[in-house]
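Thank you all for making time this morning. I would like to take you through one structure, beginning with a strand and ending with pairs of helices.

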Amino acid sequence: MARTVPGVLAAFQHIDAACDAIQALRAQGRKDFTVYAAAHNHELEEAVGKPVSPVRLFTLFGGLTGACAGLGMTYWMSLDWPLLVGGKPIASVPPYVVFIFELMVLLGSLSTVAGVVLLSLAKPTTGLAYDPRFSDDQIGIFVPCTGADAAAVERMFTDAGSVGVRHAA
Amino acid sequence: MATIVRDPGTPTQTHHEVTRDVVNTLGTAGKGYLLLLAGAVGLFLVGVGTFIMLLKDGLGLAGYNPPVFWSVFITTFVFWVGIGHAGTLISAILFLFRSPWRTAVYRATEAMTVFAVMTAGLFPIIHIGRQWFFYWLMPYPNQRWLWPNFKSPLVWDVFAISTYLTVSTTFLCVGLVPDVAAARDIMSGWRQKVYRIFSLGWKGTDNQWRHYSRAYLYLAALATPLVLSVHSIVSWDFAMSIIPGWHGTIFAPYFVAGAIYSGVGMVFTLIIPLRKVLKIEHMITDYHFDNLAKLTLFTGSILFYAYLMEYFIGWYSGNVFEQTTFWRRAFGPMWWGGWTMIICNAFVSQLLWFRRIRTNLTSLFIISIFINIGMWFERYVIITSSLSNDFLPFAWSQMNPTWADWGILAGSFGWFGMWFLLFARTFPVVAIQEIKEQIPYPRLRKGGH
């Protein structure tokens with residue numbers, strides 16, 4: 001079983017209270033906290049203040065790879081057995097645009113999903129305290145800390161308006 | 001003082017009520033649901049039986065007769081690909097447009113897309129006759145190292161449909177992950193174990209949302225041109241030939257509009273009874289149906305224009321073969337099919353100008369049945385009437401569908417319905433997290449963000 005990360009887990013009912021707590025954590029120079037929410041929320045995203053996800057690079061790389069694969073495949077396969085039909089060019093770009101486009105979309109989509117998986121795995125959630133209410137109607141914040149530090153964080157969460165704070169051993 | 005008018009699309013429930021109501025749809029199935037499922041499985045078995053007979057005795061059973069070698073199976077293939085298009089339009093294109101009314105209905109329509117394209121994908125295989133050689137459709141060289149002909153629209157189609165199926169399935173599965181996680185956190189016992197596997201460790205952390213929300217946006221951006229391209233490519237299966245009635249430059253937009261029109265029709269047919277069976281009437285309301293009906297009216301009007309243009313260009317071309325084809329569609333042996341498509345698609349859709357009809361579920365359900373019938377007939381008329389009378393009048397012959405055609409058609413509805421109903425009870429049919437995105441969290445202090 002995964003080792004539990006010691007720290008403080010707070011639940012918030014109100015968005016502004018959660019954002020205040022996040023900003024207070026950032027003001028203390030903390031970067032290792034985790035925020036849980038049931039839905040994507042721009043206000044929380046802004047409070048956390050992380051840069052735009054690099055997943056777009058996966059999309060770009062996958063899309064370009066797909067487009068090149070589509071062009072390369074159709075050209076190479078046509079020239080591999082040159083069959084002249086009706087005086088038309090053996091390799092002709094206009095009909096091949098379909099394959100270039102389809103493979104661009106296919107590989108672009110699959111690499112986007114691969115990007116989410118890889119980037120999410122880069123910051124694993126195993127061992128972090130969690131509460132099922134965070135996928136329902138509450139916002140959660142977990143801060144890995146111990147001892148006096150944990151007591152200070154707990155106090156800060158309570159002052160910000162948390163509806164429940166607990167320590168994860 | 002300015003009054004803030006609440007967007008009618010904003011859900012009235014709280015976050016908790018949304019989770020509870022959607023997860024409740026995953027509970028034990030009621031009588032109505034089981035009856036629908038039994039009907040779908042029954043139809044599917046009819047299709048299986050017919051397919052076994054086709055395997056045993058060949059395509060001759062299916063009314064294939066010179067000069068018509070594309071008939072009910074290809075008609076049904078185009079019909080099901082078209083059905084899928086509304087799902088992607090609602091889930092991807094309307095997502096990019098930030099359309100608030102899509103959230104309550106898009107999951108069901110996205111599932112409809114996947115199962116419709118899955119159903120469509122069976123038809124080229126059924127149609128080829130020697131189904132055990134279906135892998136010849138894949139682009140690999142034959143025994144003489146001859147590669148596929150990439151200039152053929154049929155090869156374009158293989159790529160387009162397989163890409164469409166993969167991308168729509170990916171889009172559906174990605175959208176499901178946070179909702180399955182919400183179900184996992186409420187469920188207990190074996191169900192929780194199953195949902196834990198499908199939720200892929202989702203906890204809704206800021207890091208996960210950061211990557212997920214971007215990825216979803218890019219997937220929608222990639223799916224948007226894909227949906228427009230797929231039915232364009234399907235239309236080129238016909239338009240790239242020189243057969244009268246097929247060789248038209250209008251085909252791509254005409255087919256795309258028709259696809260969305262037929263898809264929205266199927267959305268009505270599925271969602272109107274489903275919301276009752278799953279008790280989610282308060283989540284999918286008149287507001288959503290009104291907007292869906294406006295989309296139907298818009299695409300139906302494009303279709304009306306396309307029908308007019310087809311006949312006009314047929315006459316204006318001065319080409320006797322084109323003129324004869326369209327004359328025979330309206331007044332020849334297939335007049336009943338030609339008029340069915342025009343009445344069900346062009347005329348019936350115009351009833352949706354009236355708000356009272358757009359918000360009356362009985363009327364919408366009846367109209368949706370007309371749309372389903374009309375759009376199947378549209379493809380049937382386009383395909384078989386053009387093949388029945390091409391350039392050689394001595395070869396003209398009518399296509400008469402047989403019991404095998406109807407058996408496979410019924411089986412396809414059963415196969416589609418069975419998967420859709422199983423999905424609706426197994427996974428959240430309304431997108432929990434996107435609806436929650438529309439509901440503001442409560443605040444301690446007054447004032448908005």
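Let me begin with a term: a residue is called buried if 20 or more other C-beta atoms, placed from the backbone, lie within 10 Å of its own, exposed if there are 12 or fewer, and partly exposed in between. Helices (H or I, at least four residues) and strands (E, at least two) are DSSP runs, numbered from the N terminus. What you see is a predicted model, in which local features need pLDDT of at least 70 and side-chain atom pairs count only at pLDDT 80 or more, while totals for chains, interfaces and linings use all residues. Residues are numbered from 1 along each chain as its sequence is written, and chains are lettered from A and ligands numbered from 1 in the order in which they are written.

In strand β1 of chain A, residues 7–12, A:Gly7, A:Leu9 and A:Ala11 point one way, whereas A:Val8, A:Ala10 and A:Phe12 point the other way, and all are buried. Because 6 of the 6 residues of β1(A) are buried, the strand is largely enclosed by the rest of the structure.

Which strands does β1(A) pair with, given that pairing requires at least two DSSP bridges between two strands? It is joined by 6 bridges to β3(A), residues 139–144, and the two run antiparallel; there, A:Val8 has A:Val143 as its bridge partner. A further antiparallel pairing, with 5 bridges, joins β1(A) to β4(A), residues 164–168, where the bridge partner of A:Gly7 is A:Ala168.

Turning to the two chains, 54 residues of chain A are in contact with 49 residues of chain B, contact meaning that C-beta atoms, placed from the backbone, lie within 7 Å. On the chain A side, α4(A) gives the most, with 17 residues.

Finally, the helix pairs, for which axes are lines fitted to C-alpha atoms over the stretch in contact, and angles run from 0 to 180 degrees between N-to-C directions. Helices α11(B), residues 335–347, and α13(B), residues 361–388, pack at an angle of about 140°, with their axes 8 Å apart. They are therefore oblique to each other, since angles under 35 degrees count as roughly parallel, over 145 as roughly antiparallel, 65 to 115 as roughly perpendicular and the rest as oblique. In chain A, α1(A) and α5(A), residues 147–160, pack at about 145°, with axes 9 Å apart; A:Ala17, A:Asp20, A:Ala21 and A:Ala24 in α1(A) meet A:Met156, A:Phe157 and A:Ala160 in α5(A).

Methods
Two strands pair if DSSP finds at least two bridges between them.
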